[in-house]
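This briefing covers helix packing, charge pairing and aromatic rings in one structure. Please view the sequence and the model before reading on.

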Amino acid sequence: MVNAPSERLERVSARGLNDTAEWARNTNLKLQQAQAGKDVSGRMRHATEQVQRAIEKETQDSINIVTSCLNTKIAETASLKRKLEKSLRLLSGEIELLESRQQKTIELMFSQRNPLETTHARMKERGTLRPPRENVIDAVQEALQEEAAGLTASAEQLSLSNANMSRLLKRMVACRTALEDDVADKTRALQLDRSCLDVEQQTVDKVPTPLPISSIISSQNDLRHICKQSSNHPVEWKRHSQKLISLSASLLSESTLLRKRAGLREKQAVQTHKKYEQNTKSKFEGKIRDTCRLHDRISSKLADVENEIAYLRKEKEAVTSALRKKEDPLKHCTKRLCLRRQRPSREAVRDEAERCLHTQLDRIMNNIKEYEQHLSQIVKRETELTALRRELLDDKRDKARAKELDSALLSCSDFGASNSTFPSNPEHFFMLSSGRTCALGTSSGPTIRSKFAQKRLTRPPRPNTALR
């Protein structure tokens, strides 16, 4: 009984058939394995779904973060771009204004070149062409010196303004170029960032991979090496643009102040030119009036001197005639004395006739001596008046030449633009503005007034009419 199942199993095995219990057991085992596999697969599928949902959520969060960062970056870049464009627009307008002001300054500099050359030419002509006695440091010469100094200072101020504006324009142009480059970079960056926002999310299969993922991961362990990595920190990036904006604002304020100063200097230069021009003109007119007045006085005194010389010549002729009339009485008296000396010794006495003859001879000799002294005084006075007339003629001629010269210099207001009667070769405008002036003439003799004071016109003493 005990060996019956085993024997039956042996018989079944011998026939090649499986036992029913074994068959059921194997089936149940397979079913249990299948159920276990199903359970594991379900758990794995659930875990995979959770992982996928988590990855998708993380991916979407990353996309949202990137989108938010891109929007923030776009807004910040757009704000900086607007500020840069505003600064660029203001700076470009200020550059145009400063260039216009510099052009006006240059035009004013060249417009004041002729007056400055005219002033130096006037000084040179008056110092070289005036007669020596008229070559004095008068009010006109002092006015010309003041005008030359004032115009030279104005020219130096205008030249300094022009140099300052040139230097500032170079800095502003460089800043404008940097702003234009920054605006161009900001525009390109905005286009790229907005293109990044417009990129649709694609599947991995549709996105072409530049390199095999396995090789990328094995070589670099990340994907960032296929992109251009930025080396600038966001703070430095923003600071660079803000620095350009601050520099532009500083240049704007500096340019505005410089334009105001240049405009003020231009007004001062024009006012200085007008003031000195009027002063020099009035001094020239006053000098011409004084010269004309002295010329008229000299002419009047010259007529008096000529009248006096004519009177002296008449007096000289009268005295000479009186001297000739004394020759016959002198010869008559001398002949009588000679004849009386021929008397015999006993008759040679000093009688009344002898004394009368000697008295007559002494009187005639005294009269002749007095006439000769008076004649010498007349000749001496005539010589003095002749020399004075010659000096007055020279002085009158010098006054006329000085008047003509001053009148010509006054009427010729521009030596560089007109054909002047007095040619000159003045220095260049900027060489004149360095302080070099023409040599002035010096006085070579006493003035007209001192000469009139030294030689007063007085009539000579009239001869004694009783001696005629």
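**Helix packing, charges and rings**

Helix H2 (residues 20-111) and helix H3 (residues 113-129) have axes that come within 4 Å and cross at roughly 25 degrees. Angles under 35 degrees count as roughly parallel, and H2 and H3 are therefore roughly parallel to each other. The model is a predicted one.

**Contact of H2 with H3**

- On the H2 side, the contact is made by Met109, Phe110 and Ser111.
- H3 contributes Arg113, Asn114 and Pro115.
- Sorted by class, the residues in the contact of H2 with H3 are three nonpolar, two polar and one charged.

**Salt bridges**

- Side chains of opposite charge can pair when their charged atoms come close.
- The structure has 23 salt bridges.
- One of these joins the side chains of Glu49 and Arg53, at 4.0 Å from N to O.
- Both Glu49 and Arg53 belong to helix H2.
- Glu49 and Arg53 are four residues apart, about one turn of the helix.

**Aromatic rings**

- A pair of aromatic rings is described by the distance of the centres and the angle of the planes.
- With ring centres required to lie within 6.5 Å, the count of aromatic pairs is zero.
- Rings do take part in arrangements with charges: the charged end of Lys73 sits over the ring of Trp237, 3.1 Å from the ring centre.
- Lys275 lies over the face of Tyr276, with a distance of 4.8 Å from the ring centre.

Definitions and conventions
Residues numbered from 1 in each chain as written. Predicted model: local features only at pLDDT ≥ 70, side-chain atom pairs only at ≥ 80, totals over all residues. Heavy atoms only, no water. Phe/Tyr/Trp six-rings, centres within 6.5 Å; stacked < 30°, edge-to-face > 60°. Lys NZ or Arg CZ within 6 Å of the ring centre and 35° of its normal. Axes fitted to C-alpha atoms, helices over the stretch in contact; angles between N-to-C directions. Helix = DSSP H or I, 4+ residues; strand = E, 2+ residues; numbered from the N terminus. Parallel < 35°, antiparallel > 145°, perpendicular 65-115°, else oblique. Contact = heavy atoms within 4.5 Å. Nonpolar A, V, L, I, M, F, W, Y, C, P; charged D, E, K, R; others polar.
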